[in-house]
Amino acid sequence: MQAWRVHRNGEPGEVMRLEETDRPTPGDGQVLVEVRAANVNFPDALLCRGQYQVRPPLPFTPGVEVCGTTEDGQRVLATPALPHGGFAGHVVADEAALLPAPDALDDAEAAALHIGYQTGWFGLHRRARLQPGETLLVHAAAGGVGSAAVQLGRAAGAKVIGVVGGPDKAAVARALGCDLVIDRRSEDIVAAVKEATGGRGADVVYDPVGGDAYAKSTKCVAFEGRILVVGFASGVIPTPALNHALVKNYSVVGLHWGLYTTKDPAAVRTCHEELTELAAQGTVKPLVSERVAMADAAEAVQRVADGTSTGRIVVLPGGTR
């Protein structure tokens with residue numbers, strides 16, 4: 001089969017190589033899955049750089065979530081067992097962690113419903129306890145993780161403010177249904193949020209960016225607000241001033257979705273059932289901006305790493321689906 005492999009750490013566009021290799025062999029409790037669609041995630045870039053919390057042995061194949069077909073014909077969502085990641089013809093995955101692919105979504109959309117939407121659901125509902133009528137501020141609202149949070153925030157009955165970088169991404173955020181879109185390149189985030197909320201600020205902040213985005217969030221979070229730390233796409237991990245959280249009465253809440261797969265797998269399945277229902281209703285629909293051929297996977301991962309993409313880019317090993 002074909003698979004993209006990384007033999008040394010570095011930028012995805014430089015270190016990913018498309019090679020012929022053997023299919024991986026399932027171990028105990030694992031199944032072989034034919035990949036129908038592999039979603040590109042920012043962690044794929046971190047894996048290539050050797051900066052992810054998991055560092056598979058070299059060489060490895062990146063790709064952390066797929067929609068595929070098991071040998072008995074089931075269409076499933078899977079998180080491949082590294083080092084045999086999703087940018088390949090076949091992967092192995094833990095059978096107990098497989099989720100049924102939603103019938104309402106095609107393969108590319110289904111692949112994109114998994115980690116980003118699970119992260120959004122657990123973050124907004126389990127960790128930040130978002131309530132109907134509250135204001136949700138989403139950084140990188142036109143990206144893969146941010147666009148999921150926008151849709152889930154709207155589904156929860158929140159007023160959603162999206163922060164983006166540039167007019168093209170602003171148009172995407174508006175189309176997603178943001179009540180207000182702020183272009184961080186030309187507007188003052190703090191002033192715009194305070195004006196939109198009558199000076200109160202955002203009740204929940206969804207931050208997959210870190211760095212300056214986190215710093216701005218602390219200045220426009222509401223009394224008893226919650227800043228949800230999801231990731232650090234900016235490359236800068238903030239150092240919170242806890243005295244500031246004390247004097248303003250807000251919470252800094254962390255989310256590592258992967259922990260739920262081992263600590264509370266039943267909750268992951270419950271979340272998937274709810275996401276599947278929301279997809280069937282048309283309330284959520286992953287924003288798949290591009291469907292690319294296998295040969296273009298490295299370039300796609302690089303664009304996600306560079307922050308130039310919108311929504312989700314999905315690799316289709318077998319062609320358009």
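I started with D107, which counts as buried because its relative accessibility is 4%; buried means under 20% relative accessible area, exposed over 50%, and partly exposed in between, with a 1.4 Å probe and protein chains only. This is a predicted model, where local features need pLDDT of at least 70 and side-chain atom pairs count only at pLDDT 80 or more, while totals for chains, interfaces and linings use all residues. Residues are numbered from 1 along each chain as its sequence is written, and side-chain values use heavy atoms, with hydrogens and water left out.

**Entry: D107 and its partner**

Which residue forms a salt bridge with D107? I found R36, with the closest N and O atoms 2.8 Å apart. I call it a salt bridge when a side-chain nitrogen of Lys or Arg is within 4 Å of a carboxyl oxygen of Asp or Glu. D107 sits in helix 3 (residues 107-112) and R36 in strand 3 (residues 30-39), so the pair links distant parts of the chain, 71 residues apart. Helices (H or I, at least four residues) and strands (E, at least two) are DSSP runs, numbered from the N terminus. R36 is partly exposed, at 25% relative accessibility. I also noted that R36, R75 and D107 are linked in a network of salt bridges.

**Entry: other charged pairs**

My count of salt bridges came to twelve. As a reminder to myself, side chains of opposite charge can pair when their charged atoms come close.

I looked up E134 next and found a salt bridge with R226, the closest N and O atoms being 2.8 Å apart. E134 lies in the loop between helix 4 (115-127) and strand 8, and R226 is in strand 12, so this pair ties together parts 92 residues apart in sequence. Are E134 and R226 buried or exposed? Both are buried.

K216 and D212 also meet through their side chains in a salt bridge, 3.0 Å from N to O. Here both residues lie in helix 8, four residues apart, about one turn of the helix. I have K216 down as partly exposed at 26% relative accessible area, and D212 as partly exposed at 48% relative accessibility.

**Entry: the sheet**

What is the strand order in the open sheet of six strands? I read 10-9-8-11-12-13, with parallel pairing; two strands pair if DSSP finds at least two bridges between them. Strand 10 (180-183) and strand 13 (251-254) are the edge strands, each pairing on one side only. Neighbouring strands of this sheet are turned by 20° against each other on average, direction ignored. Axes are lines fitted to C-alpha atoms, for helices over the stretch in contact, and angles run from 0 to 180 degrees between N-to-C directions.

Strand 9 (residues 159-164) runs parallel to strand 10, and four bridges join them. V164 has D183 in strand 10 as its bridge partner.

Helix 7 (residues 189-196) packs on the sheet and touches strand 8 (135-139), strand 9, strand 10 and strand 11 (202-207), where contact means heavy atoms within 4.5 Å. The direction of helix 7 makes about 165° with that of strand 10. Helix 8 (residues 211-219) packs on the sheet too, touching strand 8, strand 11, strand 12 (221-229) and strand 13, and its direction makes about 160° with that of strand 12.

**Entry: cysteines**

I searched the whole structure for disulfides (a pair of cysteine sulfur atoms within 2.5 Å) and found zero. C220 is in no disulfide, and the nearest cysteine sulfur, that of C178, is 15 Å away. C220 is buried, with a relative accessible area of 1%. C48 counts as buried as well, at 0% relative accessibility.
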